[in-house]
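These are my notebook entries on one model. I set down what I looked up, entry by entry.

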Amino acid sequence: MSYSNIKKKLESGQVVILDGALGAELEKVGAPMDKNLWVGKCSNDRPDLVLKVHEKYIEAGADVITTNTYALAPISMKEHGYQDNITNWNIKSVEIAKAAAKNSKSEVIVAGSISTYGSWYRLGQDTLKKNFEEHLKILGDTGIDLIILEAMTSEVDTVKTLINCSKKVNLPTWLSVSCAFDEETNKVMLGYQESIGNTKAEIYEDFDKAIKQFSSLHDGPILIAHSDIKIINDAIKIIKNNHKGFIGTYPNNGYFEKPHWKSIEGFTPENYLNEAKSWVKNGSQIIGGCCGVGPDLIKPLSKLKQ
Ligand SMILES: [Zn+2]
């Protein structure tokens, strides 16, 4: 399937299935996590397992799979002494995802993940800009089908810098951001909450105001990622009021109990499908999963296509 087929599906009101978490799933199948590059190094160390996880998501019905490049940002790789592997490991990650898509009986496309992973915003927007441009150039040259700007957990300025950098790459672009609930004002905010009930949410800006700004720069789909399931429907409504492009959702299931992700006990694939039905009803057409959402929860989502 080419991106034009995905676009046709979205335009005719159909649902498109995105994959789930790569990191947690790779850990599950025994891939070693790197203390600096987290899941990123797996593309070099255990390409077989990365392939296996992509294939699991394809088997579960994903139309779009995401490259294991979220944690392979040039800025991060340089910081940890992997500067000579930046291009090579990113290309490897794309090749693994492409191989999985090619082996598949169904039509699957590959999204190149660019992230704001790490606390690099302290270095300023100019430094971030160079990093995003370098990463986008590498991935843009690999023949991926689309770019997904995984700006989740980032504040407004960083998201805007990322969007602006993406304009130099001539590929369809999706943007994902995260949101959190501000208990003081009872508002949905751009921000994130790693541990529900344990830590205070990181709150940046009214989600409403943030989406207005992003929408003025980006007309592609906006997705809500790495956010609590409970907040998704309110967030979809805010995007719908402020953005003409398509809407997507790939929330978390659970929370961090560092260093591991803890899924909500007793949360079933059927529970996830029921939540997803409400997102579709409210206008979300791209549905996948973030932390704690594995192939078991992605699998029933195909029912949303009927
Ligand atoms: Zn997540």
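**Entry 1**

I looked up the contacts of Ala 62 beyond its neighbours within four places in sequence, and found Ile 17, Leu 18, Asp 19, Tyr 57, Val 108 and Ile 298. I counted two residues as in contact if their C-beta atoms, placed from the backbone, lie within 7 Å. The model is predicted, and local features need pLDDT of at least 70, side-chain atom pairs count only at pLDDT 80 or more, and totals for chains, interfaces and linings use all residues. Residues are numbered from 1 along each chain as its sequence is written.

I then turned to the largest nonpolar core, which has 97 residues; Ala 62, Ile 65, Leu 149, Leu 175, Cys 179, Phe 207 and Ala 235 touch the most other members. Helix α6 (residues 86–103) gives the most to this core, with six residues. Such a core is a set of buried Ala, Val, Leu, Ile, Met, Phe, Trp, Tyr and Cys residues joined through C-beta atoms within 7 Å. A residue is buried if 20 or more other C-beta atoms lie within 10 Å of its own, exposed if 12 or fewer, and partly exposed in between, with C-beta atoms placed from the backbone. Helices (H or I, at least four residues) and strands (E, at least two) are DSSP runs, numbered from the N terminus.

**Entry 2: The sheet**

I traced an open sheet of eight strands with parallel pairing, in the order β1-β13-β10-β9-β5-β4-β3-β2. Strands pair if DSSP finds at least two bridges between them. At the edges I found β1 (16–17) and β2 (64–66), each pairing on one side only.

I followed β3 (residues 109–115) to β4 (residues 146–150), and five bridges join these parallel strands. Ile 114 has Leu 149 of β4 as its bridge partner, and Ser 113 stands opposite Ile 148 in β4. Three bridges join β2 to β3, where Val 64 stands opposite Ile 109.

I also checked burial: seven of the seven residues of β3 are buried, so the strand is largely enclosed by the rest of the structure. Ile 109, Ala 111, Ser 113 and Ser 115 point one way, and Val 110, Gly 112 and Ile 114 the other.

**Entry 3: A helix pair**

I noted that the axes of α10 (residues 232–242) and α11 (residues 269–282) come within 10 Å and cross at roughly 15°. Axes are lines fitted to C-alpha atoms, for helices over the stretch in contact, and angles run from 0 to 180 degrees between N-to-C directions. In α10, Ile 232, Asn 233, Ile 236 and Lys 237 meet Ser 278, Trp 279 and Asn 282 in α11.
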